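Dear colleague,

Please find the structure handed over below, together with its sequence. I would be grateful if you could look through it alongside the notes that come after.

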Amino acid sequence: MVVAASAGGVEALRGLLSQFREPISATLLVVLHVPAAGGKVLPRILGRAGLLPASAAADGEVPLPGHVYVAPPDCHMLLVGDKIRLSQGPRHNGHRPAADPLFISAALSGGPYTTAVVLSGTLDDGAAGAAAVERRGGVVAIQDPGESAYDGMPRAAMAATQHAKVLRLPGLAAFIDQESRRPVSEQPVPPAPDLDRQLRVFLEPVPEPAAQPSPWSGVTCPECGGPLRQEDASVPVRFECQAGHGWSPESLLAAQAAGIERALWAAVLRLEERSRLHQLLADTAADQGYPISAGGFRTSAISARLSARQIRKLLESPGEVGITGTGKD
């Protein structure tokens, strides 16, 4: 069982784990979007939420049934064969750990034995991974958006899948318990070279390029500034740069918006500095008896100050410069 959450996810995870009245026969691998310097107490919080013990995952560890393994901060958690692997490979959708790498690795390793669960969170990390789990014969369960503190991730996963179960937390716990006991038929699962390549990005120092790479999209990666390609065979749509950073559409739009805002605030800072410098030069020129130079510097100081004010007004109304939307209807 692979579980992903973001904003509002701690409460959702605690609520989910508190529903289990007895141990289950499945392993739960959990990814929560946390900052690199935080999240170390999450295993302790989740271990106190219910009967299932929880711990931070370790590289090379063989996961045990009835146990919750939590991705450590600043590490992707993957399931490769029957072992947990940790990777500090490229950020995915701006996150490390991220949901999609875990889901894709579990889909490749577990196929029809895999169940993916998407809980509260913003944007759409986990949607592509949930689609990969379904494609490989696994099942997907999603927290009811009406119950989720943040419904972005649940709704994105719903849009990316065809047969997902949408349930409130008690129903999700019952579904996980039921799925952990369900016999799975031994049906062959066809190879998935595109998913294999996506997974190798997190396991190999130099990512292997696609066999027939799509042309550059004309859009740059918000993480490293490199050009992005749109993956042709990817459903949902996915972008990847040469360094291996992967982006879903909503996450890419959100990262671009954050980059635009940072650039505009930097412009405000530089313009206000320019205004102060030109005013200082104007005062100096006036003191030294150069009125024409002083007037020119004052004009430049006023112009820079007015430009800074205009950008500040735009930032106070971010919709006017298109730095808030994610393309949703």
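The notes below take up the overall build, the nonpolar cores, the cavity and one of the pockets.

Please bear in mind that this is a predicted model.

Overall build. The protein comprises nine helices and 13 strands. Its C-alpha atoms fill a box of roughly 90 × 45 × 40 Å along the principal axes. Of the 329 residues, 45% count as buried. The accessible surface comes to about 16,000 Å², and carbon and sulfur atoms account for 55% of that area. When contacts between residues at least 6 apart in sequence are considered, 66% of them join residues at least 24 apart.

Nonpolar cores. The largest nonpolar core holds 32 residues, and those touching the most other members are Val2, Leu29, Met77, Leu102 and Phe103. Helix α3 provides the largest share of this core, with seven residues. Another core, of 28 residues, lies apart from it and includes Leu13, Leu32, Val68 and Phe175. With neighbours within four places in sequence left aside, Val2 is in contact with Leu29, Leu102, Phe103 and Ala106, as well as with Thr114, Thr115, Ala116 and Val117.

Cavity. The structure holds one cavity of 30 Å³ or more. The volume of the largest cavity is about 40 Å³. Its lining is formed by His92, Asp100, Pro101, Ile104, Gln198, Leu199, Phe202 and Arg238. By class, these lining residues are four nonpolar, two polar and two charged. Both α3 and α7 (193-200) supply at least two residues of the lining, and the largest share, three residues, comes from α3.

Second largest pocket. This pocket has a volume of about 480 Å³. It is lined by 21 residues, of which Met1, Ala26, Thr27, Tyr113 and Thr114 are the closest to its centre. The elements that give two or more residues to this lining are α3 (99-110) and α6 (169-181). Here too α3 contributes the largest share, namely three residues. The lining divides into 10 nonpolar, eight polar and three charged residues.

With kind regards

How values were computed. Residues are numbered from 1 along each chain as its sequence is written. This is a predicted model: local features need pLDDT of at least 70, side-chain atom pairs count only at pLDDT 80 or more; totals for chains, interfaces and linings use all residues. Side-chain values use heavy atoms; hydrogens and water are left out. On a 1 Å grid over the protein atoms alone, a cavity is a set of points where a 1.4 Å probe fits but cannot get out, and a pocket is an open set with protein on both sides within 12 Å along at least five of seven lines; lining residues have an atom within 4 Å of a point. Grid points are joined across faces, edges and corners, and a volume is the space filled by probe spheres set on the points. Helices (H or I, at least four residues) and strands (E, at least two) are DSSP runs, numbered from the N terminus. Ala, Val, Leu, Ile, Met, Phe, Trp, Tyr, Cys and Pro count as nonpolar, Asp, Glu, Lys and Arg as charged, and the others, Gly among them, as polar. Buried means under 20% relative accessible area, exposed over 50%, partly exposed in between (1.4 Å probe, protein chains only). Contact means heavy atoms within 4.5 Å. Accessible areas come from the Shrake-Rupley method with a 1.4 Å probe; for residues, only the protein chains shown count as cover. A nonpolar core is a set of buried Ala, Val, Leu, Ile, Met, Phe, Trp, Tyr and Cys residues joined through side-chain atoms within 4.5 Å.
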